[in-house]
Amino acid sequence: MTIVVTGYGMIAPKTPNIKEYLFNLQHGLCSLELVKGVGYQKESNIVGIIKEGIEDLEKDRRLKRLPKVSKLGMKAAEEALESADINLKQKNVGLFFGISLGASGEKLFQETIQHANNDNYKKVPVTFTHYANYHSITASIAHYLQVKGVTKTITTGCTSSLEAIEDAMLYLQSGKIDVAIVGGADSPLSKATTYAFSKTKVLPLNQSLDHGAVPFHGLSKGFAMSEAAGVVILERAEDAQNRGADIKGEIVDIVSNNDGVYIYSLDESGEQMISALRKVVKNRTPDYINSQALGIQLNDQIERKSSRLLFEHKIPYTSIKSMYGNPFGAIGILQVIASLLSIQHGFIPPTIRTDTKGYEEMNIVTKTKFQKINEVAITNHGYGGNNACAYIKRYSQIATT
């Protein structure tokens, strides 16, 4: 059974919609910024912050009470449904959202913990329990969209939204639902997350935008925390054809696994990531790899290893995290949308800001490459050891009928 994408929507730093996303990907524009004095010793850090795009939701008294991450998901879902031009009435609809850190970066969340520790009961807001519950984020998006059917929250670190697609595909293939609204959203920026990831030495503290949070760059000392949301609409190909939908592309397969190592250690071999990529690619030849490389040397070296072992460095690699950083649970869905746009508009988005130092043998795309794109493989790795790889291709009605 063929599963296709009939709509998409997103919001990210300096990128309020799909139109701007396409423009930024084609032109290699950086949405990240250097923020000074935010580290424990007042170091600078590189982040991606959404400063506009949800103003209309903020005007609604009830919606304003919700965490920012919920509103980001609502905005992306709205655009995706409009893009799909679909009437959800009389259809069994499922909503699947990938979330990693959820609302834990919110000021309300952080302050509530302090109030509780100080025994200040009166200052603990009644909304905190929903801020602390990941599924309340998904449920708030479902209420906004008036979806009352299957509603799932998947939280597997940075692979969350790719694995949300994997789950949604199973529901579509089983016939339990007719349409899947699948997304990812995270708004993780806070002093707590900055300090925590500083402890693990994976943030580009006191690095410039020339050297910090740069995928495939030997001098990068870490990744850029970012916030974003993305949503795709999935349908069975036959259903999409019957209603005359504009099909954006096909999700061929998604393979996920776990490194299976002690939680406080790291898998330096990359064996499970390579295994997932091998299984999802099979005997196909992708036009390029939309890579999870993010500026952490260990992770990027695993990408280099997979390039050598599986493709002999012949297949082009790129990483949109050079432009958008890592919005945790939302990154997988952003990679999917970027891949679909590249297929539709004929280009490989560049890995900007890198001179490929330390990765010279790889076929890394550093300037936008305009060419016909038919198939793309995606790699993704999550905190906690999960790996998820996807295979996206141009939809062909002839091949599926």
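G270 counts as buried in this predicted model, with a relative accessibility of 3%, and its place is in the loop between strand β9 (249-258) and helix α11. Although G270 and S306 are 36 residues apart in sequence, their C-alpha atoms are 8.1 Å apart in space, and S306 is itself one of the α12 residues that take part in the contact between α11 and α12.

**Helices α11 and α12**

- The crossing of α11 and α12 is right-handed, and the contact is made on the α11 side by M273, I274, L277, R278 and V281, and on the α12 side by I302, E303, K305, S306, L309, L310 and F311.
- Sorted by class, the residues in the contact of α11 with α12 comprise 8 nonpolar, 1 polar and 3 charged.

**Helix α14 and its partners**

- Helix α8 (residues 160-174) packs against helix α14 (residues 331-345) at an angle of about 70°, with the two axes 5 Å apart, and since angles of 65 to 115 degrees count as roughly perpendicular, α8 and α14 are therefore given that description.
- In this packing, S161, L162 and I165 of α8 meet I331, G332, I333 and V336 of α14, and the residues of the contact divide into 5 nonpolar and 2 polar, with no charged residue.
- Helix α1 (residues 18-27) also packs with α14, here at an angle of about 75° and with the axes 11 Å apart, and α1 and α14 are therefore likewise roughly perpendicular to each other.
- The contact of α1 with α14 is made by I18, Y21, L22, L25 and Q26 from α1, together with L334, I337, A338, L341 and H345 from α14, and these residues divide into 8 nonpolar and 2 polar, again with no charged residue.

**Buried positions in a strand and a loop**

- G183 is found in strand β6 and is buried, with a relative accessible area of 0%.
- Not counting residues up to four places away in sequence, G183 touches F96, F97, G98, S161, A164, G230, V231 and I333; among these, S161 and I333 also belong to the contact between α8 and α14.
- The C-alpha atoms of G183 and D246, which are 63 residues apart along the chain, are separated by 19 Å.
- S190 has its place in the loop between β6 (179-186) and α9 (191-199), where it counts as buried at 13% relative accessibility.
- When neighbours within four places in sequence are left aside, S190 is in contact with G105 and Q110, while its C-alpha atom is separated by 14 Å from that of F328, 138 residues apart from S190 along the chain.

**Loop residues with positive phi**

- Most residues other than glycine have a negative phi.
- H313, which lies in the loop between α12 and β11 (317-318), has a positive phi near 60°, and at 15% relative accessibility H313 counts as buried.
- T356, which lies in the loop between β12 (347-348) and β13 (369-370), also has a positive phi near 60°, and at 16% relative accessibility T356 counts as buried.

**Cysteines**

- A search of the whole structure finds 0 disulfides, and C30 accordingly is in none, the nearest cysteine sulfur to it being that of C158, 18 Å away.
- C30 is partly exposed, with a relative accessible area of 28%.
- C389 is likewise in no disulfide, and the cysteine sulfur nearest to C389 is again that of C158, at 14 Å; C389 is buried, with a relative accessible area of 0%.

How values were computed:
Residues numbered from 1 in each chain as written. Predicted model: local features only at pLDDT ≥ 70, side-chain atom pairs only at ≥ 80, totals over all residues. Heavy atoms only, no water. Left-handed = near helix turned anticlockwise from the far one by under 90°. Helix = DSSP H or I, 4+ residues; strand = E, 2+ residues; numbered from the N terminus. Contact = heavy atoms within 4.5 Å. Nonpolar A, V, L, I, M, F, W, Y, C, P; charged D, E, K, R; others polar. Disulfide = S-S within 2.5 Å. Buried < 20%, exposed > 50% of the residue type's maximum accessible area, 1.4 Å probe, protein only. Axes fitted to C-alpha atoms, helices over the stretch in contact; angles between N-to-C directions. Parallel < 35°, antiparallel > 145°, perpendicular 65-115°, else oblique.
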